[in-house]
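Visitor: Hi! Could you walk me through this one, step by step?

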Amino acid sequence: MAHALFIAAAYGIAALGLIVLTLYLIADNRAQRRALAELEARGVRRRSEGRGA
Amino acid sequence: MALIDLANPTRFLAWSGRVLPWLAGTAALGLAAGLALAFLAPADYQQGDTVKIMYIHVPFAWLGMFGYAMMAASALGILVWRHPLADVAHKAAAPIGATFTFLCLVTGALWGRPMWGTYWVWDARLTSVLVLLLLYLGLIALRAAVDDPGRAGRAAAVLTLVGVVNLPIVKFSVDWWNTLHQPASVFRMDGPTIAPSLLWPLLVCAFGFTALFLALHMLAMRTEILRRRVEVLEARAAAEATA
């Protein structure tokens, strides 16, 4: 395949970029869920949910 | 459920929690099918096998512009209706749009070197896409630089609407000026000029990447809603601790 190195580099960088973006977004989501769960475990809740025990 | 109901962050979280797995699955299937078709597609009679870069480069370009258009619509929601979910959508789209635009530039450079003999020229299409990337990065930096989230959102919305003038420049740059970049070959008034054997794999890839973009944006919006709840609760906990 002619110019295989350029094709492989384009697909490789694209895959790397999308994987890094996806993992970052998933990690950020998990961090926020964990922080919210810790606050709720301490009894700090949103007004619409009322106060915990 | 009416569309307006989704403007409530709690309802959006419930709805997107159900939709997101399906959207991610659609993205995975669309990308698998699109990339398989792309590698089975024939070589171009002039560009040979390097045309395979088109199947990722062109969707990145379209979605880089699509992301900015979404942010412009959200900016109107911030400034006109001052809706918090519009601000969430705007903020969540910026890093995703920036990544797609960056990958458009990199894959374009890697396609340009064997076809044009250079990675980069300062022609109108390439330069206007670089400006699009700088706008994304500027918007991310602006939000990070202003402490008050409300002020940051409004300032970012104004900058987004100023920068939206760049979108028609990106699209029509190849018609308005002499560029090394080729003119449009899919979205044309007289129909696509690209052969169907190359066009269909491109459209399937574009579908898969669009589903991926929307899935990532939905995930980022959910995260941003949770982040704002965490900030409110942390402030409340701190206030109660000092009371």
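**A tour of two chains**

Visitor: Where in chain B does UniProt place the feature "transmembrane region"?
Guide: The annotation comes from an unreviewed UniProt entry; positions follow the numbering used here, feature names are shortened, and annotations may be inferred rather than shown by experiment. In chain B, that record gives residues 20-40, 60-81, 93-112, 124-146, 158-178 and 198-219.

Visitor: What kind of model is this?
Guide: Residues are numbered from 1 along each chain as its sequence is written, while chains are lettered from A and ligands numbered from 1 in the order in which they are written. Local features need pLDDT of at least 70, side-chain atom pairs count only at pLDDT 80 or more, and totals for chains, interfaces and linings use all residues, as this is a predicted model.

Visitor: How many helices does chain B have?
Guide: Helices here are DSSP runs of H or I with at least four residues, strands are runs of E with at least two, and both are numbered from the N terminus. Read along the sequence, chain B goes α-α-α-α-α-α-α. It has 0 strands, and its helix count is 7.

Visitor: How far apart are the end C-alpha atoms of residues 198-219 of chain B?
Guide: Start with another annotated span, residues 124-146 of chain B, which is 96% helix and 0% strand, with its end C-alpha atoms 32 Å apart. Residues 198-219 are 100% helix and 0% strand, and their end C-alpha atoms are separated by 32 Å.

Visitor: What share of the residues of chain B count as buried?
Guide: Picture the C-alpha atoms filling a box of roughly 75 × 35 × 30 Å along the principal axes. A residue is buried if 20 or more other C-beta atoms (placed from the backbone) lie within 10 Å of its own, exposed if 12 or fewer, and partly exposed in between. Of the 243 residues of chain B, the buried share is 38%.

Visitor: How are α3(B) and α4(B) oriented to each other?
Guide: Helix α3 (residues 84-116) and helix α4 (residues 124-145) of chain B have axes 9 Å apart, at an angle of about 150 degrees; axes are lines fitted to C-alpha atoms over the stretch in contact, and angles run from 0 to 180 degrees between N-to-C directions. Angles under 35 degrees count as roughly parallel, over 145 as roughly antiparallel, 65 to 115 as roughly perpendicular and the rest as oblique. So α3(B) and α4(B) are roughly antiparallel.

Visitor: What classes of residue make up the contact of α3(B) with α4(B)?
Guide: Residues are in contact if their C-beta atoms, placed from the backbone, lie within 7 Å; those meeting here include B:Ala94 and B:Phe102 in α3(B), and B:Leu133 and B:Tyr136 in α4(B). Ala, Val, Leu, Ile, Met, Phe, Trp, Tyr, Cys and Pro count as nonpolar, Asp, Glu, Lys and Arg as charged, and the others, Gly among them, as polar. That gives 14 nonpolar, 2 polar and 2 charged.

Visitor: How are α4(B) and α6(B) oriented to each other?
Guide: The axes of α4(B) and helix α6 (residues 166-176) of chain B come within 8 Å and cross at roughly 170 degrees. So this pair is roughly antiparallel.

Visitor: Is B:Arg82 buried or partly exposed?
Guide: B:Arg82 sits in the loop between α2 and α3 of chain B, and has a positive phi of about 50 degrees although it isn't a glycine. Most residues other than glycine have a negative phi. With 13 other C-beta atoms within 10 Å, B:Arg82 is partly exposed.

Visitor: How many residues does the contact take from chain B?
Guide: Chain A gives 24 residues, and on that side they divide into 15 nonpolar, 5 polar and 4 charged. Chain B gives 29.

Visitor: Which residues does A:Phe6 touch?
Guide: A:Phe6 lies in helix α1 (residues 4-41) of chain A, and its 21 C-beta neighbours inside 10 Å are why it counts as buried. UniProt's unreviewed entry puts a "transmembrane region" at residues 6-27 of chain A, a span that is 100% helix. Not counting residues up to four places away in sequence, A:Phe6 touches B:Thr50, B:Leu110, B:Arg113 and B:Pro114.

Definitions and conventions. Two residues are in contact if their C-beta atoms, placed from the backbone, lie within 7 Å.
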